[in-house]
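This briefing concerns a single protein chain and is arranged by topic. Please consult the sequence and the structure shown below while reading.

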Amino acid sequence: MAAKRDLKYTRNIGIIAHIDAGKTTTSERILYYTGKIHKIGEVHEGAATMDWMVQEQERGITITSAATTAFWHYNGNVYQINLIDTPGHVDFTVEVERSLRVLDGCVATFDAVGRVQPQSETVWRQADKFGVPKIAYVNKMDRVGADFLACVKDIKEKLGATAVPISLPIGAEDKFIGIVDLIDRKALEYDADNTEVINYHEIPIPENMKGEVELWRDKLVESAAECDDALMEKYFEDPDSISKDEIIAALRKGTIEMKIVPATCGSSYKDKGVQFLLDAIARYLPSPLDKGSVKGHNPQTGVEEDLLPDASQPFCGLVFKIATDPFVGRLAYIRAYSGKLDAGTYVLNSRTGKKERVARLYQMHSNHQNPIDFVEAGDICAAVGFKELRTGDTICAENYPISLEAMEFPAPVIGIAIEPKTQGDLEKLGVALGKLAEEDPTFTVKSDHETGQTVISGMGELHLDIIVDRLRREFGVDINQGAPQVNYKEAITTTVQHRELFKKQTGGRGKYADIVVNIGPADEGVTGLQFINSVKGGNVPKEFIPCVQKGFEAAMANGVLAGYEVQSLKVELLDGSYHPVDSDQLSFELAARYAFRHACPKAHPVILEPIMALEVVTPEEYMGDIVGDLNRRRGQINAMDSTPNGARIIKAYVPLSEQFGYVTVLRTLSSGRATSTMIFDHYAEVPATLAKDIIEKSGYKPADDE
């Protein structure tokens, strides 16, 4: 990376998909054909380069996003592809989210048999949220039941995307031998079991496909013309006059503007179609220059500014991941948006306002690091030397403070109590948990002061399983763990008016605060504290009002029923009074805390529980048993659909508390033939009879007012 690179030949891309669509296998083939690795590692053999964690290799799933840089020769130019392989399992959704935040484009991978799965919809929505253009790659064309055009139709219907085939498969299942390039009208046959870098040759288009090829090529040209007004006029005059370069340019424009999704197919495991996919990445996905400027704001003035992908501008980058490496320590993954960053220099952390030194910079290849001297706008790298960096922090030039939009992460929904098996491991456990919490924003640790237990929380049972496994293997801490616990929340359902008069006289200066508040449920869609100041005439001095807000925010950490966090609350400060000598900031903060504690019991408080969106795919004969079991689990069935191969899809909302160990039960009910995916959806009120048990089990007693 020492020589100056032309940014238009850089592609920051990710591979996103549901679990088992073949993301990691596709990544391995991309690395092989770009010359990055010389032996292909297979996921099922536990040898995939991008799945470098022991747990990933054992389970055959991707847990962390792995980053690598590869180079691809296309059309006489060398393209630098910064590639991130993301997880497919719903417990690790945040890994996908934070990767998409910094990517310019992505390859959405689908299984040619399973087509669009529930998790495909989740990752697709995440890509839409961050405005990431997509190419669709229909993988596993060699499997029984594979159907490329049916998958394209599924993408249109379920994801609402204009998927445009740029290739057609020659054959399917065990007769899948290659693809037809629709733009060039070229048929490419891939050599069986040959992993040469160019493992295909041109053949005549099969006679039985010629009509189909012309039909889909016409549709392709029409879709391209719809992306460009000038081309549309030419298309109406004479469709045959449109050149190959014009088609490619229009498709690229449509892809970058997210109007269309070019779709191709292949079988990554059988080494078919991957080079064509690499060409499509170079052709259609945007460079940092195509994505243009990103918006940031100056934390000192609040003024919004545009950051251009230009190495001559002041430096600005986003930290999208923190990882702990056994050899180099804390690695911060950075996407550089503008300017140039040299190793050994200082940057400003705009969240803390402190300077930090960048000791070393690395270009990443999975869990290996290649040292580099500098990084420029548009690139992705890793850095070491930072002390206080967190995921989502903006780092920038010392004399040019700027903040990019912060990353938001969902709150964990499930927890387990843990303790070290030996007292000697107590300190090691604290250090290990601190490092893991730094890496993963959806993993939290808190100590229960009453029981002395350490409770770790995450997004699902698999998420916590992996954490516990990592504690044992990476950090050498053996632990005992309790049963899973649900992260309940509390809420109030009605609005009450309350006056809190806080007075204390302790010889000398006393404490005095008087507030009148309306406390009630927050407006729909609001989380946290919704605070409204309606005080007129200076009855509560201005300097004390933020203290009232602070007091309520602190009080929300423990609800009045069972001590669970209050998710949202609306407080309107109506009136109050103060004492010229005895009133101070602490008095008003304490008054707010007591007001919360005294008013909430009158506002009909309730316990809320996490509700999961569950999707079960099962052969029809087991459907009755599965639905019956879901009803026993307080499940609410929303829909039942059929898949093209005759299986049934059951969609339901089910409380998390009823779902522990569900995968094992489902296997038993369906003789191992049904599969399920589950993701957090919303919080809902717990039925009164169950709420009583939850409150009793919590043993919660509010602290004395004293």
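Are Phe544 and Phe588 buried or exposed? Both Phe544 and Phe588 are buried. The model under discussion is predicted. Its protein chain comprises 17 helices and 37 strands, and buried residues account for 54% of its 706 residues. Of the contacts in the chain with a separation of 6 or more, 72% are made by residues 24 or more positions apart.

**Aromatic pairs**

- The structure contains nine aromatic pairs, including the pair of Phe110 and Trp124, which is tilted, with 6.1 Å from centre to centre and 45° between the planes.
- This pair links distant parts of the chain, since Phe110 belongs to strand E4 (residues 105-111) and Trp124 to helix H4 (residues 118-129), 14 residues apart.
- Phe110 has a relative accessible area of 2% and, because the cut-off for a buried residue is under 20%, Phe110 is classed as buried.
- Trp124, at 4% relative accessibility, is likewise counted as buried.
- Phe544 and Phe588 form a stacked aromatic pair, at 4.8 Å centre to centre and with 15° between the planes.
- Tyr9, Tyr74 and Tyr79 are joined into a cluster by ring pairs.

**Charges over rings**

- Lys219 places its charged end over the ring of Trp216, 4.1 Å from the ring centre.
- The charged end of Lys355 is positioned over the ring of Tyr346, at 5.2 Å from the centre of that ring.

**The sheet of E30, E31, E33 and E32**

- Four strands make up an open sheet with mixed pairing, in the order E30-E31-E33-E32.
- Strand E30 (496-504) and E32 are the edge strands; each has a single partner strand, so one side of each lacks a neighbour in the sheet.
- On average, neighbouring strands of this sheet are turned by 30° against each other, direction ignored.
- The pairing of E32 with strand E33 (residues 568-577) is parallel and extends over six bridges.
- Gln530 is located opposite Lys570 in E33.

**Helices on the sheet**

- Helix H13 packs on the sheet and touches strand E31 (511-520), E32 and E33. The direction of H13 makes about 155° with that of E32.
- Helix H14 lies across E30, E31 and E33, and runs at about 40° to E31.

**A buried aspartate**

- Asp379 is situated in the loop between strand E21 (374-376) and strand E22 (380-384).
- The relative accessible area of Asp379 is 7%, and Asp379 is therefore buried.
- The side chains of Asp379 and Asn82 make a polar contact of 2.9 Å.

Conventions. Residues numbered from 1 in each chain as written. Predicted model: local features only at pLDDT ≥ 70, side-chain atom pairs only at ≥ 80, totals over all residues. Heavy atoms only, no water. Phe/Tyr/Trp six-rings, centres within 6.5 Å; stacked < 30°, edge-to-face > 60°. Helix = DSSP H or I, 4+ residues; strand = E, 2+ residues; numbered from the N terminus. Buried < 20%, exposed > 50% of the residue type's maximum accessible area, 1.4 Å probe, protein only. Lys NZ or Arg CZ within 6 Å of the ring centre and 35° of its normal. Pairing = 2+ DSSP bridges. Axes fitted to C-alpha atoms, helices over the stretch in contact; angles between N-to-C directions. Contact = heavy atoms within 4.5 Å. Polar contact = N/O pair within 3.5 Å; in protein donor to acceptor, adjacent residues only side chain to side chain.
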